[in-house]
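Student: Please take a close look at the aromatic ring pairs. Where do they sit, and how are the rings arranged?

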2 protein chains.
Amino acid sequence: MKSGIPEILVVGAGAVGTFYGAKLASAGAKVSLLCRSDYDVVKENGIKVKSIDGDLHFNPFRVIRNASEYGKPPDFVLVALKYLPELIDTADIIRAAVGPGTSIFHIQNGIGIEKETATAFHNNEILSAVAFICVTRTAPGFIDHSDYGRLVLGRYPGGSSENVELLKNLFNKSGVECAITDDIIKARFLKLVWNVPFNVISVLGNHADTKSILDNKLSCELSVKLMEEVCRISEAYGRKLPDDIAGKNLDYTRKMKPYKTSMLLDYEAGKPMEVEAILGNLVRMADEKGIDIPRIRTLYGLLSLADGAVAR
Amino acid sequence: MKSGIPEILVVGAGAVGTFYGAKLASAGAKVSLLCRSDYDVVKENGIKVKSIDGDLHFNPFRVIRNASEYGKPPDFVLVALKYLPELIDTADIIRAAVGPGTSIFHIQNGIGIEKETATAFHNNEILSAVAFICVTRTAPGFIDHSDYGRLVLGRYPGGSSENVELLKNLFNKSGVECAITDDIIKARFLKLVWNVPFNVISVLGNHADTKSILDNKLSCELSVKLMEEVCRISEAYGRKLPDDIAGKNLDYTRKMKPYKTSMLLDYEAGKPMEVEAILGNLVRMADEKGIDIPRIRTLYGLLSLADGAVAR
């Protein structure tokens with residue numbers, strides 16, 4: 001990291017990218033935004049953030065349509081696109097803005113989502129964060145942050161760095177709780193323990209919120225079995241998760257307000273779902289280690305079919 | 001079976017019951033109909049059957065609302081209700097019409113669907129048939145028979161009888177192809193090999209017809225794995241199914257016109273689905289033999305949740 005004010009290019013004008021971009025800007029970073037469909041509105045008015053932690057108006061340092069417009073490469077490219085490898089070529093989208101000293105920083109759901117950029121930019125530092133947040137894009141240029149906001153951040157595939165510290169300090173200065181991990185892959189597995197059952201069952205179970213899933217004995221039991229399968233894969237990759245993780249996740253979810261998952265919101269909006277981030281990459285990781293995960297694989301077949309119907 | 005013209009009371013004014021009732025009447029049986037919501041229309045106009053095998057107008061011998069109205073018990077009570085054990089108490093509905101010499105004859109989907117009546121009427125003969133038919137109730141008193149029609153018929157839990165022969169002859173006389181089996185449970189397993197994957201995936205996979213299920217590599221593979229699990233349960237009950245059954249079912253389904261399953265039609269109409277007939281009883285049978293069927297169990301959890309949402 002060079003000294004001085006860090007320059008950050010946020011790629012993806014969805015809720016997550018613009019929220020954390022706005023926060024980093026509020027902490028003093030020079031934050032730009034690459035966006036396509038929302039370009040005109042954002043160029044004119046910036047991003048209005050309605051937030052439980054206090055509203056913000058984010059005027060990006062630059063608003064661009066293509067990475068090639070950025071000029072001298074930024075210190076960070078923050079990738080906050082949906083992970084849809086069959087539709088979106090992230091490496092291609094960001095390539096023109098990635099210089100030798102640029103760190104590529106993913107804030108995305110799922111597991112294995114850094115692999116394509118780590119391969120395409122194998123000399124660059126890859127950073128990765130898991131976000132625990134409820135934030136929605138309500139209109140072009142408008143987002144609504146309704147709950148949580150915490151990040152767990154580390155270097156990919158492991159370890160930490162000065163840039164991890166720098167980002168953590170910026171986030172903390174902006175009021176975002178940010179923990180550092182030296183094992184981001186484990187952090188992703190920990191989040192998948194929740195995401196695999198609740199995101200996927202919410203869609204396949206006929207528009208089910210978290211309470212409905214827990215209240216039905218059979219789907220609640222299925223959730224636990226799915227969590228156990230995630231744990232088995234994690235353990236095969238040297239990351240044993242706590243023995244009581246399933247029970248803890250159920251308790252935690254019972255205490256939440258009945259909640260529609262982000263995957264269900266995508267489904268209901270007729271948008272492609274993050275099937276590969278949540279299930280596909282996980283299934284392939286299990287295959288590589290010869291782990292039998294029949295329930296996750298069943299979900300993958302069903303969700304892939306359901307997602308295909310969205311696309312049709 | 002007494003000599004003379006057989007008397008048959010059809011219970012359930014859905015498409016399957018009224019179609020086979022109409023056929024049996026056309027072959028000379030005295031066929032009555034117990035129906036509730038369609039009572040007025042059917043009492044007035046009977047049942048109009050539009051059929052690829054020739055249209056029929058079925059005027060039931062009697063139309064009744066309750067079994068107690070029937071009088072001297074019939075020779076056969078044909079149960080063609082949906083199998084919804086939590087909502088419908090079949091034994092209770094038919095009890096007043098079941099005499100010592102009455103055979104109870106099920107034409108219903110799934111497996112284990114005879115158990116409640118076999119327990120409640122343990123001195124009566126139980127007959128059971130699997131129907132391969134596309135028939136739809138288009139309005140009260142109107143049904144549309146668009147394809148197939150074949151029955152496989154036997155005594156429950158096994159063997160044959162004079163009454164099986166009698167019904168077979170009536171069906172054949174009416175133009176319905178009817179094969180006799182001395183192992184109706186095996187016949188039901190054979191049909192479940194198709195019903196478990198295609199009925200259930202059609203619902204969980206976001207309104208998928210048979211072609212969509214086969215065209216998606218992951219859901220097609222899942223279908224085969226589900227068929228294998230059905231075969232494992234069948235084998236544990238002493239009914240080994242043919243080794244090539246999965247391939248044959250795929251070939252056969254590929255040759256069909258793209259088809260929406262009956263379960264998907266129920267789902268789309270907001271009606272309860274036959275979750276217990278197709279999955280629940282099967283899961284409990286597997287439990288009794290200690291057979292591990294993680295994929296079918298996953299489907300059961302998801303479909304139970306989806307069905308619960310229909311009810312809400």
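Tutor: Start with a definition: buried means under 20% relative accessible area, exposed means over 50%, and partly exposed lies in between (1.4 Å probe, protein chains only). This is a predicted model, in which local features need pLDDT of at least 70, side-chain atom pairs count only at pLDDT 80 or more, and totals for chains, interfaces and linings use all residues. Residues are numbered from 1 along each chain as its sequence is written, chains are lettered from A and ligands numbered from 1 in the order in which they are written, and side-chain values use heavy atoms, with hydrogens and water left out.

Now the rings. Rings of Phe, Tyr and Trp (its six-membered ring) pair if their centres lie within 6.5 Å; planes under 30 degrees apart count as stacked, over 60 as edge-to-face and the rest as tilted. The whole structure holds 10 aromatic pairs over all chains. One of them joins A:W194 and A:Y259; their centres are 6.4 Å apart and their planes stand at 50 degrees, so the pair is tilted. A:W194 is buried, at 11% relative accessible area. A:Y259 is partly exposed, at 24%.

In chain B, B:F105 and B:F171 pair edge-to-face, with 6.4 Å between centres and 65 degrees between planes. B:F105 is buried at 0% relative accessibility. B:F171 is also buried, at 0%.

Back in chain A, ring pairs link A:F19, A:Y20, A:F105 and A:F171 into a cluster.
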